[in-house]
Amino acid sequence: MLVLSAAEKLMQTTVRLECLLQNGKTSTGTGFFFSFEVDENASIPLIVTNKHVINGSTRGTFVLTKRDDAGEPVVGSYEHIQLDNFESLWLKHPDPNVDLAVFPMAPLLNGAEQAGKKFFFLPLGETLIPTSEVLSGLGGIEDITMIGYPNGIWDIRNNMPIVRRGITATNPKHDYNGLPIFVIDCACFPGSSGSPVLIFNQGGYMDANGNLNLGGTRVILLGVLFAGPQHVAEGEVQTIDVPLQQLSISLSKIPNNLGFVVKAQKLHDFRAQLLARA
């Protein structure tokens, strides 16, 4: 029986998204699996990403790992799920300041089951979204883990994401500039949009009062990366190889290793609408 560590489980929570845009170009982004519990026997499985990842997309592709009859992942065996009218399949957050969208997975999973296909994924849940009490126990500076597909990069052989580490650059207890976001100090690149930003401590952590908590694993879903400020420097036109396509550029965009993260609490806003549709 395959036993996954806590870290290995987190690496099964994301999905690579590839979109065909109306202008004929392709783009990549990150989504992650999430679920709302309806009752003890039912849940609503979702994929979460940003609105801007799927805006203008006519076709989208998920890459899902297969699972065996024992319910375990078949690492290296996966399938590309291609869907037309991709943007219309997502439910977008109504607040223009909240760059979140969710994809209800039930129709896709039901269709796959009828075709005899089974996929492995581990959704993050509501219990990982920090309450006010949990937030009050956080220090102003916390180590964070971000999982996704920067510049579309991934372990194509094993269908695995890229993991990055950083710290909170602003206190997640507060709304940055009055918006439901906070800032992280982490290498953030195109393709990372939609990545879950987590606190992931193994073996111990220190709380806001300086108390050292030893043992166990702490996982908190702080939010979802949606943007990162970049400096722009003029330069000569060059053709550079980047994942998925070649681009002729005249401007160099230099990331300053900061990222903007929409707070995970805004995921709660989808619950009522999804329950009404269920």
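Tutor: Begin with a salt bridge, which is a side-chain nitrogen of Lys or Arg within 4 Å of a carboxyl oxygen of Asp or Glu. Here the side chains of glutamate 18 and arginine 16 form one, at 3.3 Å from N to O. This is a predicted model, where local features need pLDDT of at least 70 and side-chain atom pairs count only at pLDDT 80 or more, while totals for chains, interfaces and linings use all residues. Residues are numbered from 1 along each chain as its sequence is written, and side-chain values use heavy atoms, with hydrogens and water left out.

Student: Are glutamate 18 and arginine 16 buried or exposed?

Tutor: Buried means under 20% relative accessible area, exposed over 50%, and partly exposed in between, with a 1.4 Å probe and protein chains only. Arginine 16 is buried because its relative accessible area is 5%. Glutamate 18, at 26%, is partly exposed.

Student: How many salt bridges does the structure hold?

Tutor: The structure holds nine. Among them, lysine 92 meets glutamate 87 with the closest N and O atoms 2.6 Å apart. Lysine 92 has 30% relative accessibility, so it counts as partly exposed; glutamate 87 is also partly exposed, at 23%. Another joins lysine 266 to aspartate 269, with 3.2 Å between the closest N and O atoms. Aspartate 269 counts as partly exposed at 39%.

Student: How do I read strand pairing?

Tutor: Strands (E, at least two residues) and helices (H or I, at least four) are DSSP runs numbered from the N terminus. Two strands pair if DSSP finds at least two bridges between them. Take β13 (residues 196-206): two bridges pair it with β10 (residues 143-148) in the antiparallel sense. Ten bridges join β13 to β14 (residues 212-227), again antiparallel.

Student: What is a nonpolar core, and which residues have the most contacts inside the largest one?

Tutor: A nonpolar core is a set of buried Ala, Val, Leu, Ile, Met, Phe, Trp, Tyr and Cys residues joined through side-chain atoms within 4.5 Å. The largest here has 25 residues, and those with the most contacts inside it are Phe32, Phe34, Val48, Leu100, Leu221, Leu267 and Phe270. The elements giving it two or more residues are β2 (26-39), β3 (42-49), β13 and β14. A second, separate core has 21 residues, including Val15, Ile81, Ala101 and Phe121.

Student: Which residues does leucine 221 contact?

Tutor: Contact means heavy atoms within 4.5 Å. Leaving aside neighbours within four places in sequence, the contacts of leucine 221 include Phe32, Phe34, Leu124, Val197 and Leu267.

Student: Where is leucine 212, and is it buried or exposed?

Tutor: Leucine 212 lies in β14. It counts as exposed because its relative accessibility is 55%. With Met206 and Leu214, Leu212 makes a nonpolar surface patch of about 360 Å². Such a patch joins nonpolar side chains (Val, Leu, Ile, Met, Phe, Trp, Tyr) within 5 Å, from residues with over 30% relative accessible area and no salt bridge; like charges are joined within 9 Å. Accessible areas come from the Shrake-Rupley method with a 1.4 Å probe; for residues, only the protein chains shown count as cover.
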